[in-house]
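I'll jot down what I look up as I go.

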Amino acid sequence: MGIFSKKQQSGFSASSTAEEVTEGIDGTGLTAIVTGASSGIGVETARVLALRGVHVVLAVRNIDAGANVKEAILKEIPNAKIYVRELDLTSFTSVRKFAADYRSSGLPLNILINNAGVGVTPFKLSQDSIELQFATNHLGHFLLTNLLLETMKSTSRESNTEGRIVNVSSLSHQYGYHEGIRFDKLNDEPTYSRHSAYAQSKLANILHANELTRRLKEEGAEVTANSLHPGTIVTNLLRYDGFLKCVLKVLGIFISKTVQQGAATTCFVALHPQLKGVGGEYFVDCNIAKPSSQAKDADLATRLWDFSLSLTNAK
């Protein structure tokens with residue numbers, strides 16, 4: 001990170017790395033799923049979790065890429081337990097198969113990190129005929145979370161250990177369409193803006209975590225859900241926006257993070273004991289931050305939940 005960085009309430013800052021924020025934490029006995037763990041901050045998140053003793057499932061669209069990540073982690077951490085499983089978040093069929101296979105495996109699930117995403121893509125529909133960014137960044141993770149939630153609850157009860165769900169959002173969530181979520185114009189190509197659509201999907205990540213938190217608290221479940229902005233990082237997520245990628249490379253010394261710093265907030269929220277019992281919060285640089293007013297709109301969150309259920313048939 002650039003020069004404008006100082007430690008805050010948590011003891012960490014924008015310049016903290018994933019290794020630094022998890023130093024001394026023993027994750028032995030925990031099992032985590034990391035989506036999008038074949039590139040960018042997903043790889044570093046998986047590596048650091050493994051370094052802390054967590055059994056890590058790499059949920060990836062490209063199995064070969066996932067196998068390469070597994071090989072690299074094992075080379076550094078020979079005793080790491082890494083599994084590679086195929087997951088294409090643009091396809092509800094793929095999400096359902098992944099979840100069914102996971103439940104059948106008998107593996108516990110303590111941590112679910114919804115990290116995968118696509119960014120600022122030209123207009124395109126998913127395999128289920130839904131605008132691609134909303135389908136991938138929000139709906140795929142919404143469905144995955146719902147399908148694995150009972151596994152997380154049972155793991156929490158049996159292990160007496162709090163489960164954690166982490167949604168990787170973005171500061172961009174506040175720069176979307178004026179209505180926040182375009183329930184009636186989700187697939188409207190003539191008025192589509194790839195940057196606004198990305199922001200919409202990231203707003204949905206926060207609203208999802210907030211509404212999920214409300215429901216988990218009502219049930220008394222020992223599972224928390226939070227969202228976060230990882231920071232500005234030049235990764236493969238920007239492959240559809242060459243101009244922005246060039247700008248960030250030029251200004252990187254001042255505003256961007258390394259991948260090691262970019263994975264810090266995710267690892268902090270997933271593992272740090274400071275956050276026991278904390279849910280429905282939005283984190284930036286390993287500290288609680290204020291999201292946009294729309295992100296805190298409880299009615300919008302409930303409407304999005306119902307809308308997402310109807311699109312995914314996830315009841």
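**Entry 1: α4 against α5.** I started with how these two helices cross, and I see that α4 passes α5 in a right-handed crossing. This is a predicted model, so I'm reading computed geometry throughout. Helix α4 covers residues 92-105 and helix α5 covers residues 132-159; I get an angle of about 20° between them, and their axes are 10 Å apart. Angles under 35 degrees count as roughly parallel, so I'm calling α4 roughly parallel to α5.

Which residues make the contact? From α4 I list F92, V95, R96, F98, A99, Y102 and R103, and from α5 I list L139, G140, L143, L144, L147, L148 and T151. Sorted by class, this contact of α4 with α5 has 10 nonpolar, 2 polar and 2 charged residues.

**Entry 2: α5 against α10.** Next I followed α5 to another partner. Helix α10 (residues 298-312) packs with α5 at an angle of about 85°, and again I note axes 10 Å apart. The range 65 to 115 degrees counts as roughly perpendicular, which means α5 is roughly perpendicular to α10.

On the α5 side I wrote down F134, H138, L139, F142, L143 and N146; they meet L304, W305, F307, S308, L309, L311 and T312 in α10. For the contact of α5 with α10 I have 9 nonpolar residues, 4 polar and no charged.

**Entry 3: two residues inside α5.** Is G140 buried or exposed? G140 lies in helix α5, and its relative accessible area is 0%, so I'm marking G140 as buried. Leaving out residues up to four places away in sequence, I find G140 touching L89, V95 and A135. I also checked a distance from here: G140 and Q274 are 134 residues apart in sequence, and their C-alpha atoms are 29 Å apart in space.

T145 is in helix α5 too. I looked up its relative accessibility and got 1%; buried means under 20%, so T145 counts as buried. What does T145 touch, if I don't count residues up to four places away in sequence? I get L112, N114, I165, H208 and L212.

**Entry 4: the loops on either side of α5.** I then checked the loop between β4 (111-114) and α5, where S129 is found. S129 isn't a glycine, yet I read a positive phi of about 65° for it. Its relative accessible area is 45%, so I have S129 down as partly exposed.

N160 sits in the loop between α5 and β5 (163-168). Here I noted another positive phi, near 55°, in a residue other than glycine. At a relative accessible area of 72%, N160 goes down as exposed.

**Entry 5: the whole chain.** I finished by zooming out. I count 10 helices and 8 strands in the chain. Along its principal axes, I read a C-alpha trace spanning about 50 × 45 × 40 Å. How does the radius of gyration fit a compact globule? For 315 residues I'd expect a value near 20 Å, and the chain has 18 Å, which agrees.

Buried residues make up 56% of the 315 residues in the chain.

Notes: Residues numbered from 1 in each chain as written. Predicted model: local features only at pLDDT ≥ 70, side-chain atom pairs only at ≥ 80, totals over all residues. Heavy atoms only, no water. Axes fitted to C-alpha atoms, helices over the stretch in contact; angles between N-to-C directions. Helix = DSSP H or I, 4+ residues; strand = E, 2+ residues; numbered from the N terminus. Parallel < 35°, antiparallel > 145°, perpendicular 65-115°, else oblique. Left-handed = near helix turned anticlockwise from the far one by under 90°. Contact = heavy atoms within 4.5 Å. Nonpolar A, V, L, I, M, F, W, Y, C, P; charged D, E, K, R; others polar. Buried < 20%, exposed > 50% of the residue type's maximum accessible area, 1.4 Å probe, protein only. Rg over C-alpha atoms; globule rule 2.2 N^0.38 Å.
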